[in-house]
Amino acid sequence: MLDSLLAYPQEMLGPLWPVVWTLAKILMIVVPLMLCVAYLTLWERKVIGFMQIRIGPNRTTFFGIRWLGGLAQPIADGLKLLVKEIIVPTGANRFLFVLAPVMAIMPALAAWAVVPFSPELVLSNIDASLLYLLAMTSLGVYGVIIAGWASNSKYAFLGAMRSAAQIVSYEIAMGFALVGVLMAAQSLNLGEIVRAQQGGAGLFSWFWVPLFPLFLTYLISGVAETNRAPFDVAEGESEIVAGFHVEYSGMTFAVFFLAEYANMILISMLTAILFLGGWLSPFPESWGVLGAPGFGWLLLKAFFVVSSFLWFRATFPRYRYDQIMRLGWKVFIPVTLVWIVVLGAWMQTSLWIWWK
């Protein structure tokens, strides 16, 4: 069906068709992602409001329609930031000051190139997609460091140093967690990793079962990687005002904000793909529609994980900086290393059933 619809534009554009089709697919990923980022801010305020017995945003509507209360809030926030003046501090490096937000959001968007949404729906189905993800997610720290240094502010620089140390520390634990996934799936391709989790046991065939310590490590490290509470020491208002982006305003601040929420959605999607079966259904295939794999299951799992990020923010107090570093270096890294050894021994026995 899709091939027949695309036949005419493919014939009309000729050699330009691959470029146009690739750009179209990029837009089909980026535009919904930006909408999800915008409305994740509303969902966060509603969830935290519910947990704290508050109402949350319910006044900003589309054209005064009362039952749409709050749904226009992200649009209003975006327009407000769009028209605000961008102030560059005296003595700041103007080029790097503007480059830093771009460096923060670029990896968060580029990583989606290899994320498989279904067996057929992926922008670039490369064999080394897991390595590509590691490379892209590691670049985010440069935006933080450049923002703190280029601002010519002691508070911003202090926040950048704390954030960079935190990100690098938890990046190591996340990398070791992915080594466990690689061992279990015997592949670096994200699509093959999902297919390796197929089995008759439903959700117990997914990798969260044999890799449970790595699953928890990856999820909690993802919270720390995105500088979210309770690991938001880079933005500790009571200590360093607002962290590495204290000097930013208008759209430059908005881009940092978008990068944080885009990274949350990315980590949630990767958690669902690597440990929770991706697009696979938790029910047997004999259950008909409920047992059929599809993009809806992946979306539901990612929504559950990203909602847990919001739950953490509303529940746990902020850790001290030394507690955060101790957790990363003295708990998560040793746990992942030990479990990789256990996993390697387990895979050599008949008790290992996660083969496809």
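## Contacts of Leu 274

Contact here means heavy atoms within 4.5 Å. In this predicted model, Leu 274 touches Leu 130, Leu 178, Val 181, Leu 190, Ile 193, Gln 197, Phe 207 and Tyr 218, leaving aside residues up to four places away in sequence.

## Nonpolar cores

Leu 274 is also one of the residues that touch the most other members of the largest nonpolar core, together with Trp 112, Leu 190, Phe 207, Tyr 218 and Phe 275. This core holds 68 residues. At least two of its residues come from each of helix 2 (17-51), helix 5 (129-138), helix 7 (154-185), helix 8 (190-195), helix 9 (212-225), helix 11 (250-275), helix 12 (295-315) and helix 13 (321-346). Helix 11 supplies the largest share, 12 residues.

## Packing of helix 7 and helix 11

How do the axes of helix 7 and helix 11 cross, and within what distance do they come? They cross at roughly 30 degrees and come within 11 Å. Angles under 35 degrees count as roughly parallel, so helix 7 is roughly parallel to helix 11. The crossing of the two helices is left-handed.

On the helix 7 side, the residues that meet helix 11 are Met 174, Ala 177, Leu 178 and Val 181. Their partners in helix 11 are Ile 267, Leu 274 and Phe 275. By type, the residues of this contact are 7 nonpolar, no polar and no charged.

Notes
Residues numbered from 1 in each chain as written. Predicted model: local features only at pLDDT ≥ 70, side-chain atom pairs only at ≥ 80, totals over all residues. Heavy atoms only, no water. Core = buried A, V, L, I, M, F, W, Y, C linked by side-chain atoms within 4.5 Å. Buried < 20%, exposed > 50% of the residue type's maximum accessible area, 1.4 Å probe, protein only. Helix = DSSP H or I, 4+ residues; strand = E, 2+ residues; numbered from the N terminus. Axes fitted to C-alpha atoms, helices over the stretch in contact; angles between N-to-C directions. Parallel < 35°, antiparallel > 145°, perpendicular 65-115°, else oblique. Left-handed = near helix turned anticlockwise from the far one by under 90°. Nonpolar A, V, L, I, M, F, W, Y, C, P; charged D, E, K, R; others polar.
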